[in-house]
Amino acid sequence: TGGPQALFEVLSHLKTGVTQPILITQHMPATFTTILAEHISRQCGIDAREAKDGEPVVQNRCYIAPGDFHMLVTQRAGTNVIALSKDPPENFCRPAVDPMMRSILKAFGGRKILACILTGMGQDGLKGCTDVVNGGGTLIAQDEASSVVWGMPGAVAQAGICNAILPLKEIGPHIRKLASRAA
């Protein structure tokens, strides 16, 4: 709920200064995720695309989980690649954030992960982000005042696992600052 608009706001700050791959799970049905990727590319100036199974995860690219598939990262021949899964929904969602976060943690290791939970219903992302933070990663959540629905960001905030809880307009610049230090 409110996710695409929040994504446009955050990603508009990341077209320069961020070279790390960006992986996004947005709760949307098939066909809408292709359109979302096209809009991100046009509006934010980022190379965004709906993820494809077996596609290598590379710098300077934004991958959108396709509707009705969990988007995972796995290793094939020593390279991190996208793996699409029809495993059962988690948190009543497919795609879901939790399986993506677990796979990213396994593929990249915790200290290299910066996770961000934006406006949305439910608590998808809580378990996966808890694992990421416990593995040494960083977690940012959107604050309640700027969220359309504070379900997902509220769940991680109330769990006390966030490194920062910020208004939507401050998230993109904060991510860019952290990403430039990690590059």
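This is a predicted model: local features need pLDDT of at least 70, side-chain atom pairs count only at pLDDT 80 or more; totals for chains, interfaces and linings use all residues.
Residues are numbered from 1 along each chain as its sequence is written, and side-chain values use heavy atoms, leaving out hydrogens and water. Local features need pLDDT of at least 70 and side-chain atom pairs count only at pLDDT 80 or more, while totals for chains, interfaces and linings use all residues.

Helix H3 spans residues 97-108 (helices are DSSP runs of H or I with at least four residues, strands runs of E with at least two, numbered from the N terminus). Its 12 residues reach 16 Å from first C-alpha to last, close to the 16 Å expected at 1.5 Å a residue (1.5 Å times one less than the number of residues). Among the buried residues of H3 are Met100, Met101, Ser103, Ile104 and Ala107; buried means under 20% relative accessible area with a 1.4 Å probe, protein chains only. Their cover includes strands E4 (70-76) and E5 (79-85) and helix H4 (126-134), with contact meaning heavy atoms within 4.5 Å. Just after H3, glycine 109 takes a positive phi of about 85°.

Serine 147 sits in the loop between strand E7 (138-142) and H5. Why does serine 147 count as buried? The reason is its relative accessibility of 12%. Its side chain reaches the backbone oxygen of aspartate 143 at 2.7 Å. Leaving aside residues up to four places away in sequence, serine 147 touches Thr119, Gln142 and Pro153.

Finally, the pocket. The lining of the largest pocket divides into 34 nonpolar, 13 polar and three charged residues (Ala, Val, Leu, Ile, Met, Phe, Trp, Tyr, Cys and Pro count as nonpolar, Asp, Glu, Lys and Arg as charged, the others, Gly among them, as polar).

How values were computed. Buried means under 20% relative accessible area, exposed over 50%, partly exposed in between (1.4 Å probe, protein chains only). A polar contact is a pair of N or O atoms within 3.5 Å; within protein, one must be able to donate a hydrogen and the other to accept it, and residues adjacent in sequence count only if both atoms are side-chain atoms.
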